[in-house]
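Here is a short briefing on a predicted model. Please read it with the sequence and the structure side by side.

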Number of protein chains: 2
Amino acid sequence: MKITFLWFGKSKYKDYDDLINLFDKRLKHYCKHRILTLKDPKHSGNPHVQKKKEGQLIMEQLKPSDYLILLDETGQSITSRGLSTLLQKQMNASTAHIFFLIGGAYGVDQPIFDRSNYTLSLSKMTLTHDMARLLIMEQVYRAFTILNGEKYHND
Amino acid sequence: MKITFLWFGKSKYKDYDDLINLFDKRLKHYCKHRILTLKDPKHSGNPHVQKKKEGQLIMEQLKPSDYLILLDETGQSITSRGLSTLLQKQMNASTAHIFFLIGGAYGVDQPIFDRSNYTLSLSKMTLTHDMARLLIMEQVYRAFTILNGEKYHND
């Protein structure tokens, strides 16, 4: 199973990038994955147009068989163990490719919500994009350490 | 109103420290606050003893009138706006000092749970201590921007 972390635009702070790279490297021990940073489409100043453009760029990346997990405040709150179970289920179902998607500045368009197989909330609190990126990388890494019965995770 | 962020031991990664310092600086525009990093009591190898020692160090810092917010996975999940309301309520109640507490490696002892005025969960997911520190600093900063009607927070 391959994992793609999909988001728009670069981090504002090098420190976040460094930490994301740290978990990127660690995750290599557990799964094939990549971080796919799409270029922000030119700002139209109109959130609706912006989301539509981003939606098109997202859809271009997806095959019908891909399992799309949208990160959104309105989604399901699950535990770290819950995320590991979700990944295990997809492996059991022979899913070839999982996407973790963080939308643009205005969130995502309705067609992306409709396309999503799962909507996941990392926190009820509003996170910066940088924070959400770092947190999902760390949680996916954590999920694999749980599935492998390793020491990183305590509960 | 003064705020103290109280936790044990140093961050493992300089990048987290840098980001925590970033929000520490930004928060100076809004409130008197400090980060109080207590030294881990010597590891006894026994979680119960460890938590008890930490609990004593925590209690030494607290006056009876201090409002203690314990960060714990089992706590209330609230939105960023909810956190701003919580802070506003304490200001309205003329609370002189709020503590945000992150316990040690094994969490906190029952007397600290009992002393807490509020137990707050940043996420249902298990966070590293570094991540929890960064996130609470960012969220308290965010809360003040909300209270001041500033642009940082979107919802």
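Helix α3 of chain A buries Ser80(A), Leu83(A), Ser84(A), Leu86(A), Leu87(A) and Gln90(A). Buried means under 20% relative accessible area, exposed over 50%, and partly exposed in between, with a 1.4 Å probe and protein chains only. Seen down the axis of α3(A), these buried residues fall within an arc of 155°, so they line one face of the helix. The arc is that of the directions from the helix axis to the C-beta atoms.

This is a predicted model: local features need pLDDT of at least 70, side-chain atom pairs count only at pLDDT 80 or more, and totals for chains, interfaces and linings use all residues. Residues are numbered from 1 along each chain as its sequence is written, chains are lettered from A and ligands numbered from 1 in the order in which they are written, and side-chain values use heavy atoms, leaving out hydrogens and water.

**Helix α3 of chain A**
- On the other side of α3(A), Lys89(A) and Asn92(A) are exposed.
- The cover over the buried residues of α3(A) includes β3 (67–77), β4 (97–102), β5 (118–121) and α5 (129–147) of chain A.
- Helices (H or I, at least four residues) and strands (E, at least two) are DSSP runs, numbered from the N terminus.
- The 13 residues of α3 (residues 80–92) should span 18 Å at 1.5 Å a residue, and the end C-alpha atoms are 18 Å apart, which agrees.
- The expected span is 1.5 Å times one less than the number of residues.
- Ser94(A) follows α3(A) and has a positive phi, near 60°.

**His153 of chain B**
- His153(B) sits in the segment after α5 (129–147) of chain B.
- His153(B) is buried, at a relative accessible area of 10%.
- Its side chain makes a polar contact of 3.1 Å with that of Arg142(B).
- A polar contact is a pair of N or O atoms within 3.5 Å; within protein, one must be able to donate a hydrogen and the other to accept it, and residues adjacent in sequence count only if both atoms are side-chain atoms.
- Beyond neighbours within four places in sequence, His153(B) is in contact (heavy atoms within 4.5 Å) with residues including Thr126(A), Ser80(B) and Arg81(B).

**Cysteines**
- The whole structure has 0 disulfides over all chains, a disulfide being a pair of cysteine sulfur atoms within 2.5 Å.
- Cys31(A) is buried at 11% relative accessible area, and Cys31(B) is buried at 10%.
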